[in-house]
Amino acid sequence: MAQVFSLLCSPLKNCLVNYLSVENISKSYGERVLFENISFGINKDQKIAFVAKNGTGKTSILNIIVGKDSSDTGQVVSRKDLHIAYLSQTDNLDAEQTIEEAIFSSDNKVLKVVQQYENALINPDDAEAYQKAFDLMDQHQAWDFETQYKQILFKLKLEDLSLKVKNLSGGQRKRLTLAIILINKPDLFILDEPTNHLDLEMIEWLENYFKKEKITLFMVTHDRYFLERVCNEIIELDQGKLHTYKGNYSYYLEKKEERIAIEQTTVNKAKNLFKKELDWMRRQPKARTTKSKSRIEDFYQIKEKASQRRDNHEVQLEINMERLGSKILELHKISKAFDDKIILDQFDYVFKRGERIGIIGKNGTGKSTFLNLITERLSIDSGKVIPGETVKFGYYTQKGIRVKEGQKVIEVIKEFGEYIPLGKGRKLSAGHLLERFLFDRKKQYDFVEKLSGGELKRLYLCTVLIQNPNFLILDEPTNDLDILTLNVLENFLLDFPGNLLVVSHDRYFMDKIVDHLFVFEDKGQVNIFPGNYSDYRAYEDSQPKESAKKEKIVEVVTSPKKEQLSYSEKQEFKTLENAISNLEKEKVTIEKQFVNDEVAPEKIAEVSQQLQQIIDSIAAKEERWLELSMKKEG
């Protein structure tokens, strides 16, 4: 074993430390085989994304890895004492606990120290208890930890720690579970769609957090920018086989295309050989020699290879939708509020033919409400919503589809329409539309109750599209869709000639589909931006940062505690000043080494990492110092 280990390590390379190995696992439900004999490993510091079609068992594989489900064959072997944290689609939070109790109920030793310190702050008269808690904070180096966990809660908008879990929305529960996992810093993160229920600001923060932190990560996500910027490896389950790509999403796309081209060449060669061998099989003599029997066995292998085909669908449709008139949709000074919460304030907009508009904004700013207002599912408080006479809305909501018990997939869609008219008198039938969205002929006659969550979303999309609308409204259409389905949907929407209005936190999808944005702000304000999401981010990043700094200071000032510093906080404040000063000196010393070429080439990576750790520590301590200084001034 020692010899093998030494081969994996060298002075110039990091040691390859295996955390977990998945060995020949399989899973079936009756006759339905999800996957067979799947094997792969997860090593320390890898950030791996697992990519596959919906319904092929991604979540089942995650559940098997963490022991929530069993495999029909094989095993999962993990390193002794490996701490794994799993973010699943469902949580196991205690409904009666508060957010604070849920956070502190973990087994994290440092968190217990922080809890003891915070309890001591509540009782400042007990000097002995405070001193003991203060010393423990120093002993466990918990000051940075406390700052980091409070920052995590702030970024995930979980500031009111007194709220009970049973009173949280589904999105808040998901964010709380994510916060608990991030705070506890496990050896291995297993995450199932971590960006669901996060707004764009939270997603970008989480993306940056995973990018800079030295963590080990195995996740399922359909967020392609997340894949691009966070992952250093992608494992794809494609038609029952695993393919590994040592790179990010762009690398994966490039190499997958090369792989498919090679596979297609192999299939074409096999088809040509199959024709020759088929001719030989027809002419073969009745007496079978050993040689001819071997050739017959080879023939059937060639036949199997020649019969392979990919389920990729290139969507190039000339949709012949009902013509839009000159008036599309007019919004005149529309306003809406729920009690004191203003959703829209005197909003004006006149839609033009063929516009493709994306809607972005923080959770709770009224994006879905806006869609319900313009489709008149909700009444406005004042103003006018005037749709054109020729407008036919197709509205995909987050609520999903209601189906009758015992219905088959094809029966569901035919209730909404038999076909979509195309150019030159052609038609796209309901069955062909389902095929475009990856429901093969066999799947179309399955009962709907057998479909996965992602497959139900696909079916719902098809019921909206088969009605041949000329104004499509999509509210988070990318949730629970796999990457292959997202590509199909994007191609369909790129061919769609009508108006498009879409709410989505999928930045890649928005960049590809929309040409300008409605940016929902607080207090009912909506800004109109001429460009896609990346254009908007570039614009925002180019703006002066003073306003952002002011907002941050306001957030600190309006935190729950506004009283003067307690004795312990005064001590902490002095400690922070000294610590920041010492770290700044260390930073300058290391930077001088780089300027003067004093760092040996083989040490550059190590020293760079050391410098980054110092910079991160300074940032964390400065944030806590700012919080205390504002309180001191208050």
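Colleague: Which residue in strand 4 is the bridge partner of Ser-26?

Modeller: Please keep in mind throughout that this is a predicted model. The bridge partner of Ser-26 in strand 4 is Thr-73.

Colleague: How many bridges join strand 1 to strand 4, and do they run parallel or antiparallel?

Modeller: As a general idea, the strands of a sheet pair through backbone hydrogen bonds, and the pairing can be either parallel or antiparallel. Here strand 1, covering residues 18–29, is joined to strand 4 by five bridges, and the two run antiparallel. They belong to an open sheet of three strands, with the order 2-1-4 and antiparallel pairing. Its edge strands are strand 2 (32–43) and strand 4 (73–78), each of which pairs on one side only. On average, neighbouring strands of this sheet are turned by 10° against each other, if direction is ignored.

Colleague: Let us turn to the rings. How many aromatic pairs does a search of the whole structure find?

Modeller: The search finds 26 aromatic pairs. Take Tyr-349 and Phe-518, whose ring centres are 4.9 Å apart and whose planes stand at 75°; because planes over 60 degrees apart count as edge-to-face, this pair is edge-to-face. The pair links distant parts of the chain, since Tyr-349 is in strand 11 (residues 341–351) and Phe-518 is in strand 19 (residues 516–520), 169 residues apart.

Colleague: Are Tyr-349 and Phe-518 buried or exposed?

Modeller: Tyr-349 is buried, and Phe-518 is buried as well. Phe-518 also pairs with Phe-370, with ring centres 6.1 Å apart and planes at 80°, so this pair is edge-to-face. Phe-370 is in helix 12 (residues 367–374), and the pair again links distant parts of the chain, 148 residues apart. One aromatic cluster includes Tyr-349, Phe-370 and Phe-518, and among its other members are Phe-347 and Phe-393.

Colleague: Which residue lies over the face of Tyr-225?

Modeller: That residue is Arg-229, at 4.5 Å from the ring centre. In a further case, Arg-458 lies over the face of Phe-439, at 4.8 Å from the ring centre.

Colleague: What is the relative accessible area of Gln-444?

Modeller: Gln-444, which is found in helix 15 (residues 441–444), has a relative accessible area of 0% and is therefore buried. Leaving out residues up to four places away in sequence, Gln-444 touches several residues, including Lys-408, Ile-410, Leu-434 and Phe-439.

How values were computed. Residues numbered from 1 in each chain as written. Predicted model: local features only at pLDDT ≥ 70, side-chain atom pairs only at ≥ 80, totals over all residues. Heavy atoms only, no water. Phe/Tyr/Trp six-rings, centres within 6.5 Å; stacked < 30°, edge-to-face > 60°. Helix = DSSP H or I, 4+ residues; strand = E, 2+ residues; numbered from the N terminus. Buried < 20%, exposed > 50% of the residue type's maximum accessible area, 1.4 Å probe, protein only. Lys NZ or Arg CZ within 6 Å of the ring centre and 35° of its normal. Contact = heavy atoms within 4.5 Å. Pairing = 2+ DSSP bridges. Axes fitted to C-alpha atoms, helices over the stretch in contact; angles between N-to-C directions.
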